[in-house]
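Please open the structure in your viewer and keep the selection tool at hand. The stops below are meant to be visited in order.

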Amino acid sequence: MSDLNLEHWWQPFTNVRAFREQPRIFSRAAGSFLYRDDGQDVLDITAGLWCCNLGHGRREIADAVQQQLMELDYAPPFQFGTAPAFRFAERLVKHCPDGIGRVFFTNSGSEAVDTALKIAYSYQHARGKAEKRRFISRQQGYHGVNVGGTSLQGLPNNRQGFPVLAEVDFLPGLLDIERNAFSRGCPKFGTQEMLKSFEEIVAVRGADKICAVIIEPISGAGGMLPPPIDYLKTIRELCDKHDILLIFDEVITGFGRTGSAFAANEFGVTPDMITAAKAINGGTVPMGAVLLKDSIQQVIFDHASTSAPEFFHGNTYAGSPVAAAAGLAALDIYESEQLFTCGSGAKGQYWADTLHAMSDLPQVIDIRNYGLLGAVSFDHAELPEKTLGPKIHQRCLDNGLLCRAVGDHMVMSPPLSITEQEIDLFAERFRRSVKQVLATGP
Ligand SMILES: Cc1ncc(COP(=O)(O)O)c(C=O)c1O
């Protein structure tokens, strides 16, 4: 595509100058593959950006979107409604833990996070606890790029240089290769450290000042780090003990990633709110959501005037009928192909076995998995710190494989629809790429 002018689109989280030197352009996609403009197939072991959980090019979603566009492309969501958004909300909450029965739609995960924060503030205010304004999140956590989410995130590059909310404390991150290396599923160590840190934060700040805790049940952009055993149950108990709301940011873990519809179901822990986006409609039309307990909405409603909106917040495209139609079609596929649970069945087992068989690769210091998530961590040895990941990433791409480098952790999140043959192809391309980079193979 030499006719493309690359100067005008400023791409997100991109080294634009390097990109212009060596453009990487995808021109089509089908099933588990993306195709580059030179025709090279690229196995998409990241499901786009953790969003195309159904694979690419689902005809049913395309048909639903087209039909919706022609029937009702848009109607304002402020003081009005459309059938697809109500239907989608009703069907979504059927997959949530009991008690979570309300949905506030947004356009992205970042907006879902900031919306959840504002709901949390409103809830505390409505029940006469307006002093509860502080948040607790976690090092290595990622909560999107809006001001609230930027303030909450524990990835230093994403915070530095921006004015952020000061009222945030961080629990320790989950990366502990020394003690937890090569765990299958939940690792052993980390829950006690979290508990200690949580109690310290409460002792210093005071429970009467803390509004909510927000964490990803599995840290995603921080390097795919599953929670240690009993971690999420303990955090729920701590929140209950100190009267603090618990928000699970499930923008990555939602929609079948873990082997259940949501990580909340998978780990048997009901948060007060869940933030979701990405795979909500298979990554096809921008959409996010806050899924929340009915009781939280009720407190806010009870406090609000009956002659005005109960919550002064919302976006033009919130609950877009087109995005919701895509969501309904996606849910049909998730349900009929039983994709929410495939990560905990035979496919999840095959994925875990394939990943852990990589331990013979050179410089591998950890392999982790949960559901259809995985990560292989490398020791950078002779190379300057954190340059191995990008090198492996580039070589994988050259060999027809898209995975993600987080420093020297290679992170994978295949489409849930991936086949065992495609998992084998992933292993072959990944192994070959690593060996080439480390010059130990062809
Ligand atoms: C856990 C988590 N929260 C929030 C977000 C932000 O979502 P979006 O990029 O749709 O704004 C992401 C994106 O990767 C995420 O992983």
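Does Gln394 count as partly exposed or buried, going by its C-beta neighbours inside 10 Å? Select that residue in what is a predicted model, and you will find Gln394 placed in helix H15, which covers residues 388-398. Gln394 has 15 C-beta neighbours inside 10 Å and therefore counts as partly exposed, since a residue is called buried when 20 or more such atoms lie within that distance and exposed when there are 12 or fewer.

Next, select residues 109-126, which form helix H5. H5 has 18 residues and reaches 25 Å from its first C-alpha to its last, close to the 26 Å expected at 1.5 Å a residue. This helix is mostly covered, with 14 of its 18 residues buried. Following H5 you come to Gly128, whose phi is positive, near 80 degrees.

H5 passes H12 in a left-handed crossing.

To see where they touch, show the side chains of Ile119, Ser122, Tyr123 and Ala126 in H5, which meet Ile296, Val299, Ile300 and His303 in H12. The residues of this contact divide into six nonpolar, two polar and no charged.

Methods:
Residues numbered from 1 in each chain as written. Predicted model: local features only at pLDDT ≥ 70, side-chain atom pairs only at ≥ 80, totals over all residues. Axes fitted to C-alpha atoms, helices over the stretch in contact; angles between N-to-C directions. Helix = DSSP H or I, 4+ residues; strand = E, 2+ residues; numbered from the N terminus. Left-handed = near helix turned anticlockwise from the far one by under 90°. Contact = placed C-beta atoms within 7 Å. Nonpolar A, V, L, I, M, F, W, Y, C, P; charged D, E, K, R; others polar. Expected span 1.5 Å × (residues − 1).
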